[in-house]
Amino acid sequence: MKYRPLGKTGLQVSALAMGCMRLPADNPDLAAQIIDEAIAAGVNYFETTRGYIEGKCQHLTAGGLKGRSRGLIVSGKAKVIVETTADSYRREIELQMSILGVDYLEFFQVGWFTLDRLEMLTRKGGALEALRKAQNEGLIGHIGFTGHDKPEHFTRLVETGIFDSVTMPYSLIDRRYESTIKRAGELGVGVVAMCPVAGGLLAAPSATLQKLIPGGAATTAAAALRFVLSNPAVSSACSGMNTLEQLRENVATANRFDNLRPSEWAQVQAILNEFQTIQKRFCTTCGYCMPCPHGVDIPGNFKIYIYDHVFGLRSWARNQYEKMEAGKRADGCTGCGECEPKCPNNIPIREQLQMVQKQYR
Ligand code: SF4
Ligand code: SF4
């Protein structure tokens with residue numbers, strides 16, 4: 001396993017991290033085996049929270065950790081809401097530790113965090129007091145945050161100096177947070193990239209994306225991981241895994257490759273920027289044209305077409321179109337034209353829906 005510095009924490013984190021939200025819900029033995037084998041393979045970061053998998057995530061993780069957390073980076077996570085106090089947050093930290101069966105968490109993350117909740121976190125008697133106290137008592141090592149707020153808000157949260165790490169979605173097809181990642185790198189805040197294979201979407205074959213990586217990649221998933229890990233500010237790629245096969249494949253990919261050289265990285269970025277331009281010309285999937293009075297999912301249809309034509313994810317696209325509810329598909333368009341004046345990009349929606357229809361019928 002390859003390791004990288006996790007920001008300024010002094011920790012070395014494995015290039016592949018495990019998101020424990022996809023452990024097999026009804027097979028605790030297999031879940032324990034996956035965690036156990038991941039540790040044996042050198043994976044040292046495990047992201048957990050109490051609510052995942054209908055409350056089973058940390059129980060399943062505990063079966064594999066068997067009390068081990070020192071020398072690993074096990075992370076708990078809880079949100080901050082208006083009612084959260086230092087006491088209630090402390091109880092949550094303790095509860096998560098007891099479910100995980102550990103006496104130490106290297107990380108505790110403020111989950112589902114947004115800039116407008118910063119005051120809820122930092123106010124007198126708020127959750128940050130509980131986190132600092134737990135740090136001083138040696139129960140937790142570091143504080144991170146994660147969520148899906150706007151990139152510019154995430155950058156401001158990174159700049160507060162409160163957090164040692166930030167965890168956000170990042171992949172070949174989702175580069176929204178690239179400026180936040182860069183800023184985190186400059187400030188020494190560790191970056192954990194979640195959804196590096198876009199929730200499994202990038203497990204689908206795409207010659208376009210495989211060829212995009214200089215020297216080629218054996219699979220789209222390998223291209224996706226290599227892309228994420230070649231960003232110099234990314235510390236680790238956190239992937240949810242629910243089978244031993246997935247774990248083994250991801251470990252092999254993480255072990256096999258070297259980072260792209262800066263010139264190669266720049267070349268990949270330039271191609272992806274070009275893809276983005278083409279994508280935006282077609283539809284930004286902003287949704288302003290919705291709702292369609294006849295039930296057509298306009299951005300949903302366009303997203304499928306874009307991923308097919310721009311990123312080469314043909315079999316994924318066909319599959320998604322087939323799975324889409326009949327009334328939402330492009331062929332439900334009556335041509336009434338009500339949507340077109342609402343589109344800020346002046347997309348000829350009716351004409352382009354016909355293209356989608358022709359492609360997948
Ligand atoms: S033109 Fe088609 S997609 Fe647009 S509002 Fe009418 S039925 Fe819906
Ligand atoms: S308003 Fe235009 S750009 Fe936005 S989703 Fe609809 S078609 Fe796409």
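Biologist: Is the crossing of helix 4 and helix 6 left-handed or right-handed?

Modeller: Right-handed, meaning the near helix is turned clockwise from the far one by less than a right angle. This is a predicted model: local features need pLDDT of at least 70, side-chain atom pairs count only at pLDDT 80 or more, and totals for chains, interfaces and linings use all residues. Residues are numbered from 1 along each chain as its sequence is written, with chains lettered from A and ligands numbered from 1 in the order written.

Biologist: At what angle do the axes of helix 4 and helix 6 cross?

Modeller: Roughly 50°, and the axes come within 7 Å. Helix 4 is residues 86-100, helix 6 is 127-136. Helices are DSSP runs (H or I, at least four residues), numbered from the N terminus. Axes are lines fitted to C-alpha atoms over the stretch in contact, with angles from 0 to 180 degrees between N-to-C directions.

Biologist: Which residues make the contact?

Modeller: A86, Y89, R90 and I93 of helix 4, with A127, E129, A130 and A134 of helix 6. Contact means C-beta atoms, placed from the backbone, within 7 Å.

Biologist: New topic. How is the chain divided into domains?

Modeller: Domain 1 is 3-261 and domain 2 is 283-360. Those bounds come from an automatic or database domain assignment. Their centres, taken over C-alpha atoms, are 33 Å apart.

Biologist: How many residues are in contact between domain 1 and domain 2?

Modeller: 8 residues of domain 1 contact 5 of domain 2.

Biologist: And what does A193 touch?

Modeller: Y170, V228, V234, A237 and C238, leaving out residues up to four places away in sequence.

Definitions and conventions: Contact = placed C-beta atoms within 7 Å. Helix = DSSP H or I, 4+ residues; strand = E, 2+ residues; numbered from the N terminus.
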